[in-house]
Amino acid sequence: MAMFVACEPCRQRKRKCDRRVPTCGLCLKHSRSCFYPPHRLIKGQDGILPDNASQPPSSQAWDIATSSVFQSWALQSPEIPIAYPIPFRWYIPRLLKHFCEGLGVSRVPVDVNSTAYHIQTLWIQGAMGDPVLFHATLYAGASHFDLSRGERHSSITLYHQAEAIRLINERLRDPATAIDDQTFIAIAPLAIIANLNGDRAAADIHLEGLRMLVETRGGLDRLGFEGLTSALIQMNNIVYNIAFDLPPNNLNQPPGPPPLGLEKRILNTPAHLSTKIPSLSSILEIFRNIHAFKFDFWSQEFTTNNARPDTHLATYTSSMPELGLECPVYDCCYLAVTLFRTIVSDRIRCPSYLIEVDALASELKAALALTDPELWIRRIPAVFSWVCLTGAAAASDSQSRTWFYFKQASAARVLNIRNEPSYLDDLWEHFRWLRTMRFNSVRYIIEEAR
């Protein structure tokens, strides 16, 4: 049997694909994982059609495309499953689709070593044969659907959460399965979603459980699934600190040298993308200035007895035009840099500083809501993370901070590549440094008021 479009590995490598399922000839020859992404296929009257077919797909066509047979192709199962590992329910294909598009970022081409790709493949393959991980997967898909619409947990979401917790507790009683990688992965979405929902009691329980399991396994570097397990745990730690804020002892300490990792990634953005984002050259110029400012900040801050730097960020950003709605992506970058400048500026603070920061964060949130996340993720994902994490570091309330993180979470999964410098480390350092700068500025105001 053959498909009507090339598989994703052949498409990315621009090789001629024989479109065989479940594995094409080239992928079989080179021992590569072969799959046909759900977003590139629809079911027509005469079979599977490419996504550039003349007639638009109907909602019924997408429902058919998410049948169990289609999922077996799209999710890289080596064989077409006769049944799911739990009794079939009408909504299961749709939740799997939400999971793959939301957490697996299946609508965007991704690196085969990225966390997103491992979620699409290793996670789903494990879930198809494991009731515990399958319930956790459905819970993650349902929760992503709820969170993206700003809704509370539905009865379906709560059901799969309860089943996942029940089965995880059963598994934890058996030493042979308690420290299995699939147990870690099943706990991870419970922990991350508890963070995003602001449920600190549940988040603390899951975080402590994961910590104890990691210690039992001998550390994060001993975990498997090609780095997916450790990446999920690291993501959970980041979301926890964003949602519930940094520990007080961290906030009271000097912020230290400003991290440059995210800016370096942004400045490596390919120039040819300017045809897709007309304002890209202006955006990259902004971040060249941010990079220069951070370097000056470091050299002055730590060579003059920890005095605040005399450099003004306005020197670097005074020429930034304010384009507004003419270019929504640039507008978000403009607002984020303005927010960054407000936090790190060495001008004298006044009580209205806090109001100004919160107002800018709210304005940035509104501007981001007008943009298409897929455009950011396809073209400039590192910029997307920088903008959103800057908003998270500035926001006063937990709900806004988690909103900013959730907005760019797909970019983090796309850019976190195994065997490369950790993107999650760059993400965390940017948030931690800027959040500490903001808090120190608040403390500075309070001390001046006294």
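**Rings and cores**

Guide: Gladly! In this predicted model, Phe287, Phe293, Phe340, Trp386 and Trp433 are joined into a cluster by ring pairs.

Visitor: How many aromatic pairs does the rule give?

Guide: The count is 12 aromatic pairs.

Visitor: Why is the pair of tyrosine 240 and phenylalanine 244 called edge-to-face?

Guide: Their ring centres are 5.1 Å apart, within the 6.5 Å limit, and their planes stand at 65°, over the 60 degrees required, so the pair is edge-to-face. Both residues belong to helix H12 (residues 228-244), 4 residues apart, about one turn of the helix. Tyrosine 240 and phenylalanine 244 are both buried.

Visitor: And what makes phenylalanine 287 and tryptophan 386 an edge-to-face pair?

Guide: Here the centres lie 4.9 Å apart, again within 6.5 Å, and the planes are at 85°, over 60, so this pair is edge-to-face too.

Visitor: Which residues touch the most other members of the largest nonpolar core?

Guide: Of its 73 residues, these are Leu364, Leu368, Trp376, Val383, Trp386, Val387 and Tyr405. Helix H17 (residues 328-344) gives the most to this core, with 12 residues. Another core, of 40 residues, lies apart from it, and includes Leu95, Ile119, Met128 and Ala140.

Terms used
Residues are numbered from 1 along each chain as its sequence is written. This is a predicted model: local features need pLDDT of at least 70, side-chain atom pairs count only at pLDDT 80 or more; totals for chains, interfaces and linings use all residues. Side-chain values use heavy atoms; hydrogens and water are left out. Rings of Phe, Tyr and Trp (its six-membered ring) pair if their centres lie within 6.5 Å; planes under 30 degrees apart count as stacked, over 60 as edge-to-face and the rest as tilted. Helices (H or I, at least four residues) and strands (E, at least two) are DSSP runs, numbered from the N terminus. Buried means under 20% relative accessible area, exposed over 50%, partly exposed in between (1.4 Å probe, protein chains only). A nonpolar core is a set of buried Ala, Val, Leu, Ile, Met, Phe, Trp, Tyr and Cys residues joined through side-chain atoms within 4.5 Å.
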